[in-house]
Every structure is written in structure tokens, then in C-alpha cells.
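Dear colleague,

Please find below the structure that I am handing over to you. I would be grateful if you could read the notes that come after it with the structure open.

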Amino acid sequence: MLTHRPDVGIKVNEIVDTLKTSDNRMDQELLMFMTFLRGLKDIPNISLSLTALGRKIGRALMQEYEKENGIKGWDLDTFKNAFEIINSKLHIESEWKLEGKNLLYTVRKCNIATEGNRFDKYVCHTSREAFKGALNYAFGNRAELEIKKLLSHGDNLCEVAIRIL
């Protein structure tokens, strides 16, 4: 059960407040995702459940984006555009480099996994799985994902390479 958390940071509150006022279905999916992530702090290690939930949320986000934007087929540019919108709404600082059938995705700062000086590995794990679920929805087994760096592993950024086969 999800409960209200009074200790949610100001940045997350701003994100949630913006999403609450939107009638956009993708924004509502993002709001549910953010609400769930904030409730993870007191749950014991349930990584398999977080993996399944993250992937389901990623699929749902892409389905809503697809409906709202009339997407008939996915390519790396369309995928990048979808995540640029998602990241801007979640205040995730990211960069994208598209070269042919390769896409390099870099996250410099993740405001949903970081609160003050504290990094939440459960939020990070679930967010990463949501990304994988979105990628799988868009490309199925045609996409290859290589994780190069992760904030959760002590790196100063997250970096993943996506290649379409």
C-alpha cells in the first residue's frame, strides 16, 4: 500500500505537483511511478518484484506516449524524444547522442533517486528497470543494451549504449 511520505524532498514535490495538474495520461503514469518510488524507502529488499514492476511501468509509459503522439513504429530518434520528455518532467538531467543505429544515453543527475546527500538504490533499480521495459516495448529483441556506468555503483553518472540489431 502506498502512503503519503512527509519527508519527500522539495524537488520531488515540484515534479509531482506539476504532474497532478495535467490531464495527460502519460503524466498520470509518471505520477503513479513517482508516488510508488517514494514509498520504497521502508520496504525490505524485494529486487525481483521491483524488476517486474519497473518493466511494467516502462511498457505502460511507452504505450501512453504512443497513443498520445500517434506513434506507429519506434526508432531510436522516436525513443530518444519520448525519454527527453519523460526526463524533463522528472527533472532528470540527461544527454543523448544518436549515431545511426546507436544511441548513447547519459544521466548526469537523477533527482528521483537522490534526495539531499542520500542515494536510494531501490529507486535507482526500479527506474533502470522501467527504462529497460520501455526499451523492450519499443524494440523487443532488436535492441541491445550495454550498461557502461551507474551512479549506484559509485560512478559520477549513468551511461548506457543502445544498439539496434
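This is a predicted model: local features need pLDDT of at least 70, side-chain atom pairs count only at pLDDT 80 or more; totals for chains, interfaces and linings use all residues.

The protein chain contains five helices and six strands. Read from the N terminus, these elements follow the order α-α-α-α-β-β-β-β-α-β-β. Of the 165 residues in the protein chain, 47% are buried. The protein chain exposes about 9100 Å², and carbon and sulfur atoms supply 50% of that area. Among contacts in the protein chain with a separation of 6 or more, 59% are between residues 24 or more positions apart.

The sheet and its helices

Four strands form an open sheet in the order β1-β2-β6-β5, and their pairing is antiparallel. The strands β1 (92-99) and β5 (143-149) stand at the edges; each has a single partner strand, so one side of each is left without a neighbour in the sheet. On average, and with direction ignored, neighbouring strands of this sheet are turned by 20 degrees against each other. Within the sheet, β2 and strand β6 (residues 158-164) run antiparallel and are joined by six bridges. V107 has C158 in β6 as its bridge partner.

Two helices pack on this sheet. Helix α4 touches β1, β2 and β6, and its direction makes about 170 degrees with that of β1. Helix α5 touches β1, β2, β5 and β6, and its direction makes about 155 degrees with that of β5.

The aromatic residues

How many aromatic pairs does the structure hold? There are eight aromatic pairs. One of them joins F79 and F139, whose ring centres are 5.7 Å apart and whose planes stand at 55 degrees, so this pair is tilted. Because F79 lies in helix α4 (residues 76-89) and F139 in helix α5 (residues 121-139), the pair ties together parts that are 60 residues apart in sequence. Both F79 and F139 are buried.

Another aromatic pair is formed by Y105 and F131; this pair is stacked, with 5.0 Å centre to centre and 15 degrees between the planes. Y105 belongs to strand β2 (residues 102-110) and F131 to helix α5, so that the pair links distant parts of the chain, 26 residues apart. Y105 and F131 are buried as well. Ring pairs also link F79, F83, W96, Y105, F131 and F139 into a cluster.

The cysteines

How many disulfides does a search of the whole structure find? The search finds zero disulfides. For C110, the nearest cysteine sulfur is that of C124, at 6.6 Å, and C110 is in no disulfide. A disulfide would require the two sulfur atoms to be within 2.5 Å. C110 is buried, with a relative accessible area of 12%. C124 is likewise in no disulfide; the nearest cysteine sulfur to C124 is that of C158, 5.3 Å away. C124 also counts as buried, at 9% relative accessibility. C158 is the residue named above as the bridge partner of V107 in β6.

With kind regards

Conventions: Residues are numbered from 1 along each chain as its sequence is written. Side-chain values use heavy atoms; hydrogens and water are left out. Buried means under 20% relative accessible area, exposed over 50%, partly exposed in between (1.4 Å probe, protein chains only). Contact means heavy atoms within 4.5 Å. Accessible areas come from the Shrake-Rupley method with a 1.4 Å probe; for residues, only the protein chains shown count as cover. Rings of Phe, Tyr and Trp (its six-membered ring) pair if their centres lie within 6.5 Å; planes under 30 degrees apart count as stacked, over 60 as edge-to-face and the rest as tilted. Two strands pair if DSSP finds at least two bridges between them. Axes are lines fitted to C-alpha atoms, for helices over the stretch in contact, and angles run from 0 to 180 degrees between N-to-C directions.
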